[in-house]
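Visitor: I am new to reading protein structures, and I would like to go through this one slowly with you. Could we look at it together and take one question at a time?

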Amino acid sequence: MCGLAFLDWLQYTIKERYSENERYDCIQSFITSLPPSVFEYVKQEVYANELSTIHMMCVDIKPVNGYRSAFEVAGIKVYYNPAEKREEMGYNVVISGTILRECDLTAVQVREWIAFTLCDYKYQFSRIDVAIDSEIDFSYWLDKYHKREFLSKARVFSTVLDENNRGTIYIGKRSAHLY
């Protein structure tokens, strides 16, 4: 019944602080923190756009969530330069499911990336979404939740379901660190 599971969103924070004046250093650090197949994807995008460096492909975007600076490269968003008194925020990398699927990132590659690349950084995962490509009817799981037959630290959930009870279940509040 279950289909193929894959990462649908990957967001992580590196606990290094960069100011607007250190954008070049932030880009260098961000690039080396990427999973290898995502790094190759970015390099291919730079080559396809006939640019000589990844830095030339970085486009400023609107910062959010307490950051004062942000850029996007090949569809990957990086938020840096946190507001004053928030230095612990470091910089935040957001890789969408579209890019992760394009890179065909496997579970083995993710494990190796965490063990061999991210271990060089002080990091934390802000958000990891796993999608299951299948025709799953969530009514069974919703019933379990309503009967309190399911264990979770979260006390709240929301859903985005179609008329056949297929879709997404979000567990926890959007504002909570467990979401």
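Visitor: Lys43 and Glu40 are three residues apart in helix H2, so what separates them in terms of helical turns?

Guide: This is a predicted model, and in it the side chains of Lys43 and Glu40 meet in a salt bridge, with 3.4 Å from N to O. Both partners are partly exposed, since Lys43 has a relative accessible area of 37% and Glu40 has a relative accessible area of 37%. Because the two residues are three places apart in helix H2, the separation between them is about one helical turn.

Visitor: How many salt bridges does a search of the whole structure find?

Guide: Side chains of opposite charge can pair when their charged atoms come close. For the whole structure, the number of salt bridges that the search finds is two.

Visitor: How far apart in sequence are the parts that the pair of Arg23 and Asp60 ties together?

Guide: Arg23 belongs to helix H1 while Asp60 belongs to strand S2 (residues 59-60), so the pair ties together parts whose distance in sequence is 37 residues.

Visitor: Which residues touch the most other members of the largest nonpolar core?

Guide: The largest nonpolar core has 34 residues, and the elements that give two or more residues to it include strand S1 (4-14), H1 and helix H2 (36-48). Apart from this core lies another one, of five residues, with Ala70 and Met89 among them. In the largest core, the residues that touch the most other members are Phe30, Leu34, Tyr91 and Ile95.

Visitor: What is the distance between the C-alpha atoms of Trp113 and Ser37?

Guide: Trp113 has its place in helix H4 and is buried, with a relative accessible area of 1%. Beyond its neighbours within four places in sequence, Trp113 is in contact with residues including Leu34, Pro35 and Pro36. Although Trp113 and Ser37 are 76 residues apart along the chain, their C-alpha atoms are separated by 9.8 Å.

Visitor: Where in the protein is confidence lowest?

Guide: The mean pLDDT of the protein is 76, and 74% of its residues reach 70 or more. Where pLDDT is low, the predicted coordinates should not be read in detail. Confidence is highest in S3, at 91, whereas the lowest mean, 65, belongs to residues 167-171, which form strand S8.

Notes
Residues are numbered from 1 along each chain as its sequence is written. This is a predicted model: local features need pLDDT of at least 70, side-chain atom pairs count only at pLDDT 80 or more; totals for chains, interfaces and linings use all residues. Side-chain values use heavy atoms; hydrogens and water are left out. A nonpolar core is a set of buried Ala, Val, Leu, Ile, Met, Phe, Trp, Tyr and Cys residues joined through side-chain atoms within 4.5 Å. Buried means under 20% relative accessible area, exposed over 50%, partly exposed in between (1.4 Å probe, protein chains only). Helices (H or I, at least four residues) and strands (E, at least two) are DSSP runs, numbered from the N terminus. pLDDT is the predictor's confidence in each residue, from 0 to 100. A salt bridge is a side-chain nitrogen of Lys or Arg within 4 Å of a carboxyl oxygen of Asp or Glu. Contact means heavy atoms within 4.5 Å.
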